[in-house]
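Subject: Structure handover

Dear colleague,

I am passing on the structure that we spoke about, and below it you will find my notes on what turned up in it. Please keep the structure open while you read, so that each residue can be looked up as it is mentioned.

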Amino acid sequence: QVGDQLDRGDDEREILDLFEDLRLNAESAGGAFYPLLGNHEIMNVELDFRYVTDGGYADFSDVSYNPADNLILSYPEEERGRAAAFRPGGMYASILSEHKVILELEGTLFVHGGILPAHVDYGIAEINTETSKWMRGEGSESLPMASSDSPVWSRHYSDETGADDCALLDEVLTQSGAQRMVVAHTVQERINSACNDQVWRVDVGLAAYYGGTPEVLEILGDDVIVLEE
């Protein structure tokens with residue numbers, strides 16, 4: 001799942017808890033489930049709550065906090081539980097710290113926004129590690145993540161993708177040795193590809209907020225298949 005579990009309506013805590021159960025149970029069964037970080041997960045750990053609904057605050061209202069914590073007290077009372085949950089080192093920030101920004105898996109790069117050559121130069125592992133530490137409250141936000149072209153914000157491959165964007169993608173795939181990239185971030189009517197099938201755009205607006213049609217991208221070896229309802 002390529003990010004944005006948050007800020008898409010109510011019941012966010014239920015979604016995060018379900019994903020954590022799936023992740024741990026899949027691992028115990030010898031498989032894997034990878035929920036990735038999107039820009040909205042990053043925003044919440046930055047305590048940027050501009051897209052949060054009233055229900056989104058209520059979901060976390062029982063999260064405890066130090067009543068002398070000036071950072072938490074700077075938020076309205078109804079927002080303090082969410083701030084305590086998602087601040088670096090908080091309960092749900094720590095859960096999110098187990099999720100990657102970028103996943104390399106069997107020849108495919110998975111990311112919410114898009115990977116640029118500068119991100120590969122910086123180091124995919126470094127971006128993941130630094131973001132994890134920051135979410136645990138052990139360091140600063142990774143430098144590439146603070147950019148408008150960060151891996152969770154870039155729309156080079158999902159919105160009005162042109163020849164120059166495809167050239168960037170080709171450079172990334174050559175640098176990384178991957179065959180393709182899978183991205184989200186920009187809602188599409190249907191799952192589709194660009195740049196000679198080197199990038200697949202899988203955000204079909206599944207949230208009730210968008211009302212999209214459920215679809216899944218299946219990758220089996222060299223075969224890429226769109227599964228529809």
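A search of the whole structure, which is a predicted model, finds nine salt bridges. I will take a few of them in turn, and then move on to two other features.

One of the salt bridges joins D7 and R82, whose closest N and O atoms are 3.7 Å apart. Because D7 lies in the segment before helix 1 while R82 belongs to helix 5 (residues 80–86), this pair ties together parts that are 75 residues apart in sequence. Both D7 and R82 are buried.

The relative accessible area of R82 is 0%, and E12, at 1% relative accessibility, counts as buried because buried means under 20%.

Another salt bridge is found between R87 and D69, where the closest N and O atoms are 2.2 Å apart. R87 sits in the loop between helix 5 and helix 6 (91–96), and D69 in the loop between helix 3 and helix 4 (70–73), so the pair ties together parts that are 18 residues apart in sequence. With 23% relative accessibility, R87 counts as partly exposed, whereas D69, at 18%, counts as buried.

The next feature is on the surface, where D10, D11, E14, D17, D21, D54, E77 and E78 gather in a patch of negative charge. Helix 1 (residues 12–28) supplies the largest share of this negative patch, namely three residues. D54, which is one of the patch residues, lies in helix 3 (residues 54–58), and at 70% relative accessibility D54 counts as exposed, because exposed means over 50%.

Finally, please look at N128, which is found in helix 8 (residues 124–135). At 11% relative accessibility, N128 counts as buried, and the side chain of N128 reaches the backbone nitrogen of V101 at 2.8 Å.

With best wishes

Terms used
Residues numbered from 1 in each chain as written. Predicted model: local features only at pLDDT ≥ 70, side-chain atom pairs only at ≥ 80, totals over all residues. Heavy atoms only, no water. Patch = residues over 30% accessible without salt bridge, like charges linked within 9 Å, V, L, I, M, F, W, Y side chains within 5 Å. Areas by Shrake-Rupley, 256 points an atom, 1.4 Å probe, with all protein chains shown as cover. Salt bridge = Lys/Arg side-chain N within 4 Å of Asp/Glu carboxyl O. Lys, Arg positive; Asp, Glu negative; His and termini not counted. Charge placed at Lys NZ, Arg CZ, Asp CG, Glu CD. Helix = DSSP H or I, 4+ residues; strand = E, 2+ residues; numbered from the N terminus. Buried < 20%, exposed > 50% of the residue type's maximum accessible area, 1.4 Å probe, protein only. Polar contact = N/O pair within 3.5 Å; in protein donor to acceptor, adjacent residues only side chain to side chain.
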